[in-house]
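Subject: Handover of a predicted model

Dear colleague,

Please find below the structure that I am handing over to you. A summary of the findings follows it.

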Amino acid sequence: MRPLRCAPVALWVSLLVGTTASAAPERVAYALILANNASTDPKQAPLRFADDDGARYYELFAPRTQETVLLSVLDEDTQALHPGLAGKTRPPTRTALQETLGRLNARMAEDRARGANPVLYFIFTGHGKRGPAGEGTVSLLDGTFSRTDLYEKVISPSSAAFIHLIVDACDSYFFVNSRGALPVAPAQVEAVKGLLATRELARYPHVGAVLSTTREQESHEWSAIGSGVFSHQVRSALSGAADVNADGRVEYSELRAFVAAANQGVDDVRGRLDVSIQPPALDRSAALVDLGDRTRLGFLLLPTGLEGRLWVEDTRGLRVAEFHKERERSVVLGLPSGRGYFLRASGREAPYQLSREGAVVDAGSLAWRDNAFAARGAVQDAFRDRLFSVPFGPRFYNGYMASLGLTPVAPEQEPDLSP
């Protein structure tokens, strides 16, 4: 491999070998993932890839957490792609959810007692809808799980210092928030408003939310990659592609801008995402992920000079990260180790291995070869041609944050590599 010369990459090497010390409390993460293709509403057709998204979220978070739990029924194709994972899952029922929450809360209470900061990722992929009182629900295997359930059973009793909600479902906004007209009789409006006001995100400043919709809106699946479009973008961002200032952390504002860039070129309204991403009010700079944490990952370094729409697939053919890289920006991706990958662009690919935890591969030294891909269908063509068509990096991020009047992340700084 050629030497890693750029300053952000040098900083990353120091992080990966554990030379960076921190006085902050230990961050201990847990992930609870619910993925369900089926719906409790017979009018909603079963999804194809919610279970696939659950499995991929599991692979994303398992190397980064103390414990990752997947509640799902994996179909035959998903089990074939993820051998052995079905034996680690339970069905996505209310009983399994409640038992898992009780156990994780006990572990997180122990973490807090010894001075650590436990973090909980609560992730749902599947069907959602807005109920008759304006309250959002999602479908579990044995019934609906409502916004009231979310606050009463997940958020309020949690022992976590921070909770990151990630929901990819139709009408997901209303599963967490109560904005919008209530389709109830006028005499009932105030009573319903009073009830819903007790379940507001603002009452829980340690909770952030990453939601696939901002209104009554469908979520989209993309058959070419066997995934929900929003979940694919979120996982790409959290792999490190959204880290615009090369500090190893992906904050909410970086994720928000990354998703905006990924979707900006989509003209087909059927494929356009309108998402809601809200950081915890307690710390609006809280990291969704920190690649500097002790993890069981390998790392792909994409140096300055490499540019364009790129994606990473593993040897199973699963696309694990996708992004459009600015030439002047370096990127570090944290990926599960112990497997082979392909870095791909239109018409070409470069194979590489992350053989062990902590392995570092410099993409600038990879050997490229010709390849070709095809996709069919109007919406599929819109995704293939227009998703990730806009480069993401400091230029896009700073302009996007300025347009919203929001404070950006700290600028990239030269690392201090002195002994």
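Residues are numbered from 1 along each chain as its sequence is written, and side-chain values use heavy atoms, with hydrogens and water left out.

Nonpolar cores

A nonpolar core is taken as a set of buried Ala, Val, Leu, Ile, Met, Phe, Trp, Tyr and Cys residues joined through side-chain atoms within 4.5 Å. Buried stands for under 20% relative accessible area, exposed for over 50%, and partly exposed for values in between (1.4 Å probe, protein chains only). The largest such core contains 70 residues, and Leu-302, Leu-333, Leu-343 and Tyr-352 have the most contacts inside it. Helix H9 (residues 252–263) supplies the largest share of this core, 7 residues. Helices (H or I, at least four residues) and strands (E, at least two) are DSSP runs, numbered from the N terminus.

Leaving aside residues up to four places away in sequence, Leu-302 touches several residues, among them Leu-310, Phe-323, Val-331, Leu-333, Leu-343 and Ala-363; contact here means heavy atoms within 4.5 Å. A second, separate core has 36 residues, including Leu-101, Ala-160, Ile-163 and Ala-169.

Helices H4 and H5

The axes of helix H4 (residues 94–113) and helix H5 (residues 147–155) come within 10 Å and cross at roughly 35°. Axes are lines fitted to C-alpha atoms, for helices over the stretch in contact, and angles run from 0 to 180 degrees between N-to-C directions. On the H4 side, Arg-94, Gln-98 and Leu-101 meet Asp-149, Lys-153 and Val-154 of H5. By class, this contact has 2 nonpolar, 1 polar and 3 charged residues. Ala, Val, Leu, Ile, Met, Phe, Trp, Tyr, Cys and Pro count as nonpolar, Asp, Glu, Lys and Arg as charged, and the others, Gly among them, as polar.

Strand S7

Strand S7 (residues 162–168) is mostly covered, with 7 of its 7 residues buried. On one side these are Phe-162, His-164, Ile-166 and Asp-168, and on the other Ile-163, Leu-165 and Val-167. S7 pairs in the parallel sense with strand S3 (residues 117–126) over 7 bridges, and with strand S8 (residues 207–211), also in the parallel sense, over 5 bridges. Two strands pair if DSSP finds at least two bridges between them. Ile-166 of S7 is the bridge partner of Ile-123, and Ala-209 of S8 is that of Leu-165.

Salt bridges

With a salt bridge defined as a side-chain nitrogen of Lys or Arg within 4 Å of a carboxyl oxygen of Asp or Glu, the count comes to 23 salt bridges. The side chains of Glu-26 and Arg-114 meet in one of them (2.8 Å, N to O). Glu-26 lies in the loop between helix H1 (7–16) and strand S1 (27–36) and Arg-114 in the loop between H4 and S3, so this pair ties together parts that are 88 residues apart in sequence. Glu-26 is partly exposed at 42% relative accessibility.

The side chains of Glu-349 and Arg-369 also form a salt bridge (2.7 Å, N to O). Because Glu-349 lies in strand S19 (residues 348–354) and Arg-369 in strand S21 (residues 369–370), the pair ties together parts that are 20 residues apart in sequence. Glu-349 is buried at 4% relative accessibility, whereas Arg-369 is partly exposed at 43%. Both belong to a network of salt bridges that also links Arg-309, Glu-313, Arg-319, Glu-322 and Arg-344.

Loop residues

Most residues other than glycine have a negative phi. Asp-171, in the loop between S7 and helix H6 (173–176), has a positive phi of about 55° although it is not a glycine. Asp-171 is buried, with a relative accessible area of 11%. Ala-246 likewise has a positive phi of about 55°; Ala-246 is found in the loop between H8 and S11 and is buried at 7%.

Asp-247 is placed in the loop between helix H8 (229–241) and strand S11 (249–251). Asp-247 and Glu-412 are 165 residues apart in sequence and 7.1 Å apart in space, C-alpha to C-alpha.

Yours sincerely

How values were computed: Predicted model: local features only at pLDDT ≥ 70, side-chain atom pairs only at ≥ 80, totals over all residues.
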